[in-house]
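Colleague: I'd like to learn how to read a few features of a model like this one. Could you take me through them?

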Amino acid sequence: MLHQQIDQKISEEEAWALRRQLGIPNNKRLWVLACMDERLPIEKVLGIGEGDAHIFRNAGGLVTDDAIRSAMLTTQFFGTQEIIVINHTECGMMTASGDFLSEVLRNQGIDVDQVNVDPALPEFKLPKGVFSKWIKTFTDVDEICTQQVELLRNSALIPQDVVIHGYIWEVAAIRCLVNHGNQSVHN
């Protein structure tokens, strides 16, 4: 009967909406740290679907205070047992140094030594001269991925039995070398 199918669907939707209150972890008990770059299709890369993981994205896919906060919550309170870090080639965080970005901001009238990095915690201030490091640019994607895994493994806030791995997504880059009218040569 149709009403039974509708009642079943409503029940499933309610369980989905209330899964935290019901103590239901994400489907794979997985937390993913990845770059915010739209060219990095997390679900496709990992072969997962909606509800399978908590996915945390930021510039560079880097361990930050907020990433640690989120990883701590999911592993300590939401049943997550595995963490995957995904960095990628052609990352924008590899294109400029923190010093360069700080200088650009200074030229725009922003005092990087006085800025609140967390508006909700105005007492949380970076020491003078640290802003460039706080931006966390990097030059080697393999090295940064390894470093992020180690930072998570060494955090006192992440249980030692949580499995942590890192991967690199190779972004396919097609570059137009020569453009003559409507003909292009690509590599």
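Predicted model: local features only at pLDDT ≥ 70, side-chain atom pairs only at ≥ 80, totals over all residues.

Colleague: Fine. Where do phenylalanine 131 and tryptophan 134 lie?

Modeller: Both sit in helix α5, three residues apart, which is about one turn of the helix.

Colleague: And how do I read a pair of aromatic rings in general?

Modeller: You describe such a pair by the distance of the centres and the angle of the planes. Searching the whole structure turns up two aromatic pairs. In one, tryptophan 31 and phenylalanine 56 have ring centres 5.8 Å apart and planes at 40 degrees, so the pair is tilted. That pair links distant parts of the chain, with tryptophan 31 in strand β1 (residues 30–35) and phenylalanine 56 in strand β2 (residues 53–58), 25 residues apart.

Colleague: Are those two buried or exposed?

Modeller: Tryptophan 31 counts as buried at 2% relative accessibility, and phenylalanine 56 is buried too, with a relative accessible area of 13%. Phenylalanine 131 is buried at 8% relative accessibility, whereas tryptophan 134 is partly exposed at 37%.

Colleague: What about pockets? How does one look for empty space?

Modeller: Rolling a probe the size of a water molecule over the atoms shows where empty space is left. Here, the largest pocket holds about 380 Å³ of space.

Colleague: Which residues lie nearest the centre of the largest pocket?

Modeller: Asn58, Thr64, Asp65, Asp66 and Trp134, out of 13 lining residues. By class, the lining has seven nonpolar, two polar and four charged residues.

Colleague: Last one: how many disulfides does the structure hold?

Modeller: For a disulfide, the two cysteine sulfur atoms must be within 2.5 Å. The structure holds zero. Cysteine 35 is in no disulfide, and the nearest cysteine sulfur, that of cysteine 91, is 4.0 Å away. Cysteine 91 is likewise in no disulfide.

Notes. Residues numbered from 1 in each chain as written. Heavy atoms only, no water. 1 Å grid on protein atoms, 1.4 Å probe; cavity = no way out; pocket = protein on both sides within 12 Å on 5 of 7 lines; lining within 4 Å. Points joined across faces, edges and corners; volume = space filled by probe spheres on them. Nonpolar A, V, L, I, M, F, W, Y, C, P; charged D, E, K, R; others polar. Phe/Tyr/Trp six-rings, centres within 6.5 Å; stacked < 30°, edge-to-face > 60°. Helix = DSSP H or I, 4+ residues; strand = E, 2+ residues; numbered from the N terminus. Buried < 20%, exposed > 50% of the residue type's maximum accessible area, 1.4 Å probe, protein only.
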